[in-house]
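Visitor: I have a structure open and a few quick questions. Can you walk me through it?
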Amino acid sequence: TAATAGRAAAVAHPNIALIKYWGKRDEHLVLPRTDSLSMTLDLFPTTTRVVLDPAAEQDTVTLNGLPLTGEAQRRVAAFLDLVRRRAGSSRRAVVHTENTVPTGAGLASSASGFAALAVAAAAAYGLGLDATALSRLARRGSGSAARSLFGGFVQWHAGPSSAPPTEADLASYAEPVPVAAFEPALVIAVVNAGPKAVSSRAAMRRTVDTSPLYQPWARSSERDLAEMRAALRRGDLDAAGEIAERNALGMHATMLAARPAVRYLAPATLTVLDAVIGLRQEGVPAYATMDAGPNVKVLCHRTDAGRVADAVRGAAPDAAVHTAGPGTGARLLDEAR
Ligand code: PMV
């Protein structure tokens, strides 16, 4: 079985938040200040294979065939240390990751990456964890990874802010959100595939520590989340889109007010935002959200996705445009051994 095999493989997809995670209350445990809610994509799977190697003195990690070094390697090794402590194992691992997200596109590759790694590593080390426990574990690698354990629309619970660490850790996990039968799409405009200037980790910390807009956004985000759940339950794309757009713009406002400011939005971002407003004026429901980068994700009806993609291409001719629907959660692969 997977529990004794010492090897496992898993696949996971990225997710895009409609209610953003922005700001930690505990950096070590990766506990967020607010709940967040995302859609898991049916694009850009990450596949990760973990093989325990009793003879190795260090973890070896490759990404698309190239060895990871420095901070990126240390982050994976620290995550594996967490798994090893729980498993009572000192064995090192060989980790091979194939990531299909366009590299450096800022499309939440850490979410699919740590979700796939959590599932594969837990199985390889023989931890019998359910999806909730895997979500908690993935959270420690990258907060947004907690949500990629599940498919469709997913809420990540912040948990009670005053709880002691052990309790707080247990209370912070993701779970699927009930959604009416509707067919949304996210049209993703990759306007700039360059690496980001400030990591989301550093940007979050600076925003929480210095932005006078942070607390007001965090409070309004709580209301946004409740309204978003209600909109999804009704299958109301217009309401969901409006809430998602204001939540994202508000998050970027908190960063713009940080000292010094963090600005991820680029000229092409604003051009695409104008195109989204233009679509709405023409009667096409389309709503934008942006993460820690200049790319724009446009929420629309599946049936409008072609028209939305055309409008986005017209506004940003250099952008690569992808259309995603709701995808599946992270899962173990049943591979021949
Ligand atoms: O999981 P991290 O640490 O890469 O943070 C992701 C933060 C945002 O993508 C900006 C928002 C979100 O909820 O995914």
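Visitor: Is Phe-44 buried or exposed, and why?
Guide: Phe-44 counts as buried because it has 21 C-beta neighbours inside 10 Å. The cut-offs are these: buried means 20 or more other C-beta atoms within 10 Å of a residue's own, exposed means 12 or fewer, and partly exposed lies in between, with C-beta atoms placed from the backbone.

Visitor: Where does Phe-44 lie?
Guide: In the loop between S5 and strand S6 (46-53). Helices (H or I, at least four residues) and strands (E, at least two) are DSSP runs, numbered from the N terminus. Phi of Phe-44 is near 55 degrees, a positive value in a residue other than glycine.

Visitor: What is phi for Val-30?
Guide: Phi of Val-30 is also positive, near 55 degrees. Val-30 sits in the loop between S3 and strand S4 (31-32). This residue is buried, with 22 other C-beta atoms within 10 Å.

Visitor: Which peptide bond is cis?
Guide: The one from Arg-259 to Pro-260, with omega near -5 degrees. Pro-260 is in the loop between H8 and helix H9 (267-281). For context, most residues other than glycine have a negative phi, and most peptide bonds are trans.

Visitor: Back up a bit. What kind of model is this?
Guide: It is a predicted model: local features need pLDDT of at least 70, side-chain atom pairs count only at pLDDT 80 or more, and totals for chains, interfaces and linings use all residues. Residues are numbered from 1 along each chain as its sequence is written.

Visitor: What are the scores?
Guide: ipTM is 0.97 and pTM is 0.96. Mean pLDDT of the protein is 94, and 96% of its residues reach 70 or more. pLDDT is the predictor's confidence in each residue, from 0 to 100.

Visitor: Which domains does the assignment give?
Guide: Domain 1 (2-180) and domain 2 (184-324). Those bounds come from an automatic or database domain assignment. The C-alpha centres of the two domains lie 24 Å apart.

Visitor: How many residues are in contact between them?
Guide: 26 residues of domain 1 are in contact with 37 residues of domain 2. Contact means C-beta atoms, placed from the backbone, within 7 Å. On the domain 1 side, strand S2 (15-19) and strand S5 (36-40) are the elements that give two or more residues. S2 has the largest share, three residues. By class, that side has 17 nonpolar, four polar and five charged residues.

Visitor: What classes count there?
Guide: Ala, Val, Leu, Ile, Met, Phe, Trp, Tyr, Cys and Pro count as nonpolar; Asp, Glu, Lys and Arg as charged; the others, Gly among them, as polar.

Visitor: Now the ligand. Which residues come nearest?
Guide: Ala-17, Tyr-21, Gly-143, Ser-144 and Asp-291, of the 14 residues around the ligand. Near means a C-beta atom, placed from the backbone, within 6 Å. The shell has five nonpolar, six polar and three charged residues. It draws at least three residues from each of domain 1 and domain 2.

Visitor: Which residues of helix H6 are buried?
Guide: In H6 (residues 200-210), Ser-200, Ala-203, Met-204 and Thr-207. Seen down the axis of H6, they fall within an arc of 100 degrees, so they line one face of the helix. That arc is taken from the directions from the helix axis to the C-beta atoms.

Visitor: What do they pack against?
Guide: Strand S3 (24-26), helix H7 (214-234) and helix H8 (237-256).

Technical notes
Contact = placed C-beta atoms within 7 Å.
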